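Here is a note for a colleague who has the model open. The points run from the overall fold to single residues.

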Amino acid sequence: MIRCCIFRCSARCHGFGRGVEAAGRAAVFDGGVTARPFASLARPHRDDVCIAVGGLLGGLLLWGLDLHSSPPLLDVPSWLGLVPLAVLSGTELLRRSAPRTALGLATVALVADVCCGGLLVTIVMFTDIVYAAVLYGPPGTARRVPVISVLLTVVATIVPVAVLRDPQALLLGLGVGLITISPAWTGVIIREHRNAARAARLEAEQTALLAEMDRTQAVIAERARMARELHDMVANHLSAIAIHATAAQSIDDPGASREALGVIRENSVQGLAEMRRLIGLLRDAKDPGGTAEAQATPTLDGLDALLAQARANGASSGLTFTLEDTRAGSGGARLPAPVELAAYRIVQESLTNALKHAAPGDVVVRITHTPGGPLTVRVTSPFGDRPGPRAPGSGAGLVGMRERIELLGGRFEAGPEGGGHRDGKEWRVRAELPVREEEEER
């Protein structure tokens, strides 16, 4: 069922439509040529026409030379032997379009030919009709014809021996087997090979479709990851620049303006450095030693420097920043790199949001982790309006943090709650990052 769905999707993607879907279903389930429109009966395949004409001419030549494969069983005029020859030649035109009808007519014509004096050409054409019925016929015909051929051979072997009591009667069974079993099972073998080739071709198309879908998903995921990294690496610097630029414009104090310009310059330099590092990663994707990636991946050891930068940027906004790292055995084994990177980015984005939106007060960052448990990151900041310049926000930071946590299978909460501030509310960001024991031991 999945294979058919994927085939239909690939057919629609290539613009084939319902006709191709029907052809695909026939290719998968039928394994052969089923009934065709009556219009196709008037246009037989050119190879079938050549076979029919060749068989008819060959039969006429043998009849003209009086070369019969067996004496006639009935005392009939010799020219009546041309009727089975003509019928068998006509069935060759139906061997692809109507194989069951051709097999029925060919069987009757073969019996009549034996009664009138058999021609070798009629026997050869009959074997071809049996072969075509198995190869091009519907699945039911392809299953029944080989079984019937075996039964006919067994009957043609046992009955003559039992009636005539002559071992030479076994030759009759041998002849029946040659003209029925051999072509029937040859058709079975070729049909199976064609079905296998058709299935392999369909599987290759499905594999190509799935590969294209995987490539598209990988491109989308990579674009989302780059967007998160770019936002987390540059947003805090740009926010600090926007806040201090607004402060420098609104405050008529040369000392404060110089201080704000100093902060702007520092954040501009750091933002450019982060951008250059990210661009270097994108250009140096084939770095064999992975040194560029190692230098660009921050860890929880850099939280002190991150909070120091936040204190410098938020001094004019009345914000203070505190780090409480209560990880058990923090000097021991390092956490997995994806977990540390996600935790660092969450703290970084939370501090950026505090610089843009928080009221004056204390911003507290808490990091907790016990062996066997998740790494918990909690950032609280005053919630409410504050005087002074503020930087606009679009909410992309919360979206990026939630995506990071979901990729690692953790939990994320962000929003206002009561307590901890003179107005009775604070903004809380809480994230739980699962840590596997085997990864922690590394």
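How many helices and strands does the secondary structure of the protein come to?

1. Overall make-up. The secondary structure comes to 14 helices and 5 strands; helices (H or I, at least four residues) and strands (E, at least two) are DSSP runs, numbered from the N terminus. This is a predicted model, in which local features need pLDDT of at least 70 and side-chain atom pairs count only at pLDDT 80 or more, while totals for chains, interfaces and linings use all residues. Residues are numbered from 1 along each chain as its sequence is written, and side-chain values use heavy atoms, with hydrogens and water left out.

2. Of the 442 residues, 37% count as buried. Buried means under 20% relative accessible area, exposed over 50%, and partly exposed in between (1.4 Å probe, protein chains only). The protein exposes about 24600 Å², and carbon and sulfur atoms supply 62% of that area; accessible areas come from the Shrake-Rupley method with a 1.4 Å probe, and for residues only the protein chains shown count as cover. Among contacts (heavy atoms within 4.5 Å) between residues at least 6 apart in sequence, 75% join residues at least 24 apart.

3. Helix α3 against helix α6. Two packed helices are described by the angle between their axes and the distance between the axes. Axes are lines fitted to C-alpha atoms, for helices over the stretch in contact, and angles run from 0 to 180 degrees between N-to-C directions. α3 and α6 (residues 120-136) pack at about 155°, with axes 8 Å apart, and are therefore roughly antiparallel. Angles under 35 degrees count as roughly parallel, over 145 as roughly antiparallel, 65 to 115 as roughly perpendicular and the rest as oblique. From α3 the contact uses I51, G55, G58, G59 and L62, and from α6 it uses L120, V121, M125 and D128.

4. Two other helix pairs. The axes of α6 and α7 (residues 139-164) come within 7 Å and cross at roughly 140°, so this pair is oblique. V130, A133 and V134 of α6 meet T141, A142, V145 and P146 of α7. For α11 (residues 303-314) and α12 (residues 337-357), the axes come within 11 Å and cross at roughly 10°, which makes α11 roughly parallel to α12. The α11 side of that contact is L303, L306, L307, A310, N313 and G314, and the α12 side is Y344, V347, Q348, L351 and L355.

5. The salt bridges around D48. The whole structure has 9 salt bridges, each defined as a side-chain nitrogen of Lys or Arg within 4 Å of a carboxyl oxygen of Asp or Glu. One of them joins R96 and D48 at 3.1 Å, N to O. R96 sits in the loop between α4 (82-92) and α5 (99-116), and D48 is in helix α3, 48 residues apart. Both R96 and D48 are buried. A network of salt bridges links D48, E92, R95, R96 and D128.

6. D128. Leaving aside neighbours within four places in sequence, D128 is in contact with I51, E92 and R95. The C-alpha atoms of D128 and P183 are separated by 6.9 Å, although the two are 55 residues apart along the chain.

7. A nonpolar patch on the surface. V49, V53, L56, L57 and L60 form this patch, with about 380 Å² of accessible area together. Patches are made of residues with over 30% relative accessible area and no salt bridge; like charges are joined within 9 Å, nonpolar side chains (Val, Leu, Ile, Met, Phe, Trp, Tyr) within 5 Å. V53 lies in helix α3 (residues 46-64) and is partly exposed, at 43% relative accessible area.

8. R411 forms a salt bridge with E413, with the closest N and O atoms 3.7 Å apart. R411 is exposed at 51%, whereas E413 is partly exposed at 30%. E413 also meets R428 in a salt bridge of 2.9 Å, N to O; E413 is in strand β4 (residues 411-418) and R428 in strand β5 (residues 425-433), 15 residues apart. T376 lies in strand β3 (residues 375-382) and counts as buried at 14% relative accessibility. Beyond its neighbours within four places in sequence, T376 is in contact with R366, I367, T368, R430, A431 and E432.
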